[in-house]
Amino acid sequence: MTATTTASFDLAPEPVLRLERHYPHRRDRVWAALTDPEQLSRWFPCSVEVDLREGGTLTLRFPGEPEPDVAVITELSPPSALAFTWSGEHLRWTLEEDDQGCVLRLTNTIADTDWTANTAAGWTTCFDALAEVLDGRSPAPHTGPDEELIAHYRSTLGV
């Protein structure tokens, strides 16, 4: 399998962006990268604190922002599912083992459909950085929106 993120977007019954990526790593390894604050802070574009329990929180401290964002964990089923609400959107991460590693799926409800392509591009960049961390490398620093990737998703998702 290739290291490509696939994406789809549906409007009904609500706007939902779905992303999928295969990683050649065991599910428990990818789960740790999704839930361990130190690992998560390496591939996500901010520092993250985690209170890993249903009803717990992810505290996201973005550079230059005076206050952190707080996401509330709505589902926790290690090592296969994590869901939380963040900025009016619901995100659900699932991991499924396969014979070559595991498949990460992210379902992200979209509060503002004008931002769908940006959201898809942002998650793709994060998924690429996650691959670097899982492979034992340091990802390149996040530098802001990838306009080429945003244009790609505007075209392929029809948004």
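A: We begin with burial: a residue is buried under 20% relative accessible area, exposed over 50% and partly exposed in between, using a 1.4 Å probe and protein chains only. Trp 86 has a relative accessibility of 15%, so Trp 86 counts as buried. The model is predicted: local features need pLDDT of at least 70, side-chain atom pairs count only at pLDDT 80 or more, and totals for chains, interfaces and linings use all residues. Residues are numbered from 1 along each chain as its sequence is written, and side-chain values use heavy atoms, leaving out hydrogens and water.

Q: In what order do the strands lie in the sheet?

A: Helices (H or I, at least four residues) and strands (E, at least two) are DSSP runs numbered from the N terminus, and two strands pair if DSSP finds at least two bridges between them. Here eight strands make an open, antiparallel sheet in the order S1-S2-S8-S7-S6-S5-S4-S3. Five bridges join S1 to S2 (residues 16-23) in the antiparallel sense, with Thr 6 opposite Glu 20 in S2.

Q: Which strands does H3 touch?

A: Contact means heavy atoms within 4.5 Å. Axes are lines fitted to C-alpha atoms, for helices over the stretch in contact, and angles run from 0 to 180 degrees between N-to-C directions. H3 packs on the sheet and touches S1, S2, S6 (81-86), S7 (89-98) and S8 (101-109), its direction making about 20 degrees with that of S2. Of the 19 residues in H3, 15 are buried.

Q: How is a pair of aromatic rings described?

A: By the distance of the centres and the angle of the planes. Rings of Phe, Tyr and Trp (its six-membered ring) pair if their centres lie within 6.5 Å; planes under 30 degrees apart count as stacked, over 60 as edge-to-face and the rest as tilted. The structure holds eight aromatic pairs. Trp 43 and Phe 44 have ring centres 6.0 Å apart and planes at 85 degrees, so this pair is edge-to-face. Phe 62 and Trp 86 have centres 6.2 Å apart and planes at 10 degrees, so they are stacked. Phe 62 sits in the loop between S4 (57-61) and S5 (69-77), and Trp 86 in S6, 24 residues apart.

Q: Is Phe 62 buried or partly exposed?

A: Phe 62 is partly exposed, at 23% relative accessibility, whereas Trp 43 is buried at 1%.
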